[in-house]
Amino acid sequence: MEEMCKDFLAKMQAAAAKGPSLEEVKSKHVPHGKLVGCSYYASSSGMQYNSNTLLNISVVLTDGVQKISYVNKPAFQSTTATVYQPKQDILETLQALVERENLAAWSALEYHNPFQCTDYSSSASITLTFDDTSVGGVSRTSVSINVDAACQHSGGDVIQEFRDILEMTMQDAEVLSQEVTEAPVYGLGMMGMMAAWKCPNCGCDTNTGKYCTECGTKNES
């Protein structure tokens, strides 16, 4: 077992070495303005029916008001969508982390998986949205960070800190709305799979539930 663990770590480290290091990307500073939105997204899917998972925590700023959208779908369970209004300026707290770690530059990190899996897939990402008008850019500039790449390059502690800030803010935030979508029974679920819909946000066209399995967008049709 010990030899297997050593071999696994060796392969992961060798794969990570193929791309730029975390120190290299952090040394390249690209100016950004105020953070006006962000999200943490993670999903997985397997061969077993309803085994897919989804976690999407996003912060949006609308007319000066911050709101947190939380969509969670554990394996074999229902989907819960909750909207919160935080009591503190969560974007200001996150911006301090973003600037401290030069987090926007992490988008250049590459993930290399030496272990190919055909019956299971997963992905995780952080998206940062900036108002770059103060630095000569546009009002909404989005930067996407591959969470798997960040963790592979020893940035997992920072990723966890980012997620912890989001989750801790929700603990004392005001709940504005909550909706639970029950998981369908097996037979009805198989029939429902025939009526797939295409997500208007990311383009995923294999959705059968109420929320997109790729980005968490709700089906309004």
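Mentor: To begin with a term, contact means heavy atoms within 4.5 Å. This is a predicted model, in which local features need pLDDT of at least 70 and side-chain atom pairs count only at pLDDT 80 or more, while totals for chains, interfaces and linings use all residues. Residues are numbered from 1 along each chain as its sequence is written, and side-chain values use heavy atoms, with hydrogens and water left out.

Trainee: Which residues is lysine 198 in contact with, leaving aside its neighbours within four places in sequence?
Mentor: They are Gly203, Cys204 and Asp205. Lysine 198 itself lies in the segment after α6 (186–192). Helices (H or I, at least four residues) and strands (E, at least two) are DSSP runs, numbered from the N terminus.

Trainee: Why does lysine 198 count as exposed?
Mentor: Buried means under 20% relative accessible area, exposed over 50%, and partly exposed in between (1.4 Å probe, protein chains only). Lysine 198 has 59% relative accessibility, so it counts as exposed.

Trainee: Why is glutamine 152 called buried?
Mentor: Its relative accessible area is 14%, so glutamine 152 is buried. Glutamine 152 is placed in helix α4 (residues 147–152).

Trainee: What lies 2.8 Å from a polar atom of the side chain of glutamine 152?
Mentor: The backbone oxygen of histidine 112 does. For a polar contact, a pair of N or O atoms must be within 3.5 Å; within protein, one must be able to donate a hydrogen and the other to accept it, and residues adjacent in sequence count only if both atoms are side-chain atoms.

Trainee: Why does asparagine 102 count as buried?
Mentor: Its relative accessibility is 10%, so asparagine 102 counts as buried. Asparagine 102 is in the loop between α3 and β5 (120–131), and has a positive phi of about 50 degrees although it is not a glycine.
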